[in-house]
Amino acid sequence: MIAESDLKANMDAVRSRIEAAARRAQRSPGAIRIVAVTKGHPPELVRLAYRAGLRDFGENRVDEARAKQAQLTDLTDARWHMIGHVQSRKARDVVGPFALVHSVDRPKIALSLARLAHESGLCLPVLLECNISGEVSKDGWDVASGTDRTDLLASLLAVTRLPSLEVRGLMTMAPWTGDVMLLRHVFGGLVQLRNELRDAGAAALPELSMGMTDDFEIAIEEGATMVRIGRALFGDRPAGAD
Ligand SMILES: *Cc1c(COP(=O)(O)O)cnc(C)c1O
């Protein structure tokens, strides 16, 4: 596990890069939140990160996240983010323990979560995951060219209107590439989609969750409000964590 001094140095480096990217885009660095991605790491690493001042933690597997939470119940103001695909049979387990579910990636899971949230008497904050790049390996509403835009907007709008879900914005994952133009196209595409939804009458949708270790600066220049960062903070994950 990473040493505390190395973690602090990594946090400083990530924060300066966030500030520089925000400055380039004439944005306030305070408008960008770090979601520290702790998947694959032990609970002690979350505790270390918490002590170093981080509060938002991202996990991509429901069972792994719940097991970690059970060992960290004293971190009462930690905010847990579900950032991975949620299988239908796990839907029940993400209603309650997570401050925000970034990965609502299809109408069916949106409906299940809305029903379960209603049954629990709460309103679940979520983001809608969109597949801008069109890669078949990616989850999310298919936004790639060829999809009828009107149908796409109608499907997303319907989810924003479900009672018991608070749709706070959109999320995307960029392809694994060093092609900056392509990355800008993907991140810019999410912003464009958010704007179209707003114009079509959706609520404000203020959050845009986009950008990871290899591309967060570009995502910030394009408008990210949440960056999901693992390796740049904690180093490489133990094998098999993705
Ligand atoms: C693992 C993961 C991240 C973080 O990736 P890094 O490259 O380590 O920053 C971000 N988002 C999602 C959805 C992930 O699964």
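1. Start with E196. In this predicted model, E196 sits in helix α7, which spans residues 180–199. Its relative accessible area is 19%, so E196 counts as buried, the cut-off being under 20%. The side chain of E196 has polar partners. One is the side chain of R149, at 2.9 Å. Another is the side chain of Q192, at 2.7 Å.

2. Next, look past helix α7 to L205. This residue lies in the loop between α7 and β8, where β8 covers 207–209. L205 is buried, with a relative accessible area of 1%. Its backbone deserves a check: phi is positive, about 50°, and L205 is not a glycine. Most residues other than glycine have a negative phi.

3. Compare Q26. Phi of Q26 is near 55°, again a positive value in a residue other than glycine. Q26 is in the loop between α1 and β1. Is Q26 buried or exposed? Q26 is exposed, because its relative accessible area of 76% is over 50%.

4. A polar side-chain atom of K39 is 2.7 Å from a ligand oxygen atom. For R237, a polar side-chain atom lies 2.8 Å from an oxygen atom of the ligand. R228 places a polar side-chain atom 2.9 Å from a nitrogen atom of the ligand. On its own, the ligand has 380 Å² of accessible area, and the protein covers 95% of it.

5. Turn to the second largest pocket. Its volume is about 170 Å³. Rolling a probe the size of a water molecule over the atoms shows where empty space is left. The lining consists of R15, I18, E19, P29, G30, I32, R33, I34, G53, L54, R55 and D56. These residues divide into 5 nonpolar, 2 polar and 5 charged.

6. Which elements each supply at least two residues of that lining? They are α1, residues 4–24, and β1, residues 33–37. The largest share comes from α1, with 3 residues. Recall that the loop between α1 and β1 also holds Q26.

Terms used
Residues numbered from 1 in each chain as written. Predicted model: local features only at pLDDT ≥ 70, side-chain atom pairs only at ≥ 80, totals over all residues. Heavy atoms only, no water. 1 Å grid on protein atoms, 1.4 Å probe; cavity = no way out; pocket = protein on both sides within 12 Å on 5 of 7 lines; lining within 4 Å. Points joined across faces, edges and corners; volume = space filled by probe spheres on them. Helix = DSSP H or I, 4+ residues; strand = E, 2+ residues; numbered from the N terminus. Nonpolar A, V, L, I, M, F, W, Y, C, P; charged D, E, K, R; others polar. Polar contact = N/O pair within 3.5 Å; in protein donor to acceptor, adjacent residues only side chain to side chain. Areas by Shrake-Rupley, 256 points an atom, 1.4 Å probe, with all protein chains shown as cover. Buried < 20%, exposed > 50% of the residue type's maximum accessible area, 1.4 Å probe, protein only.
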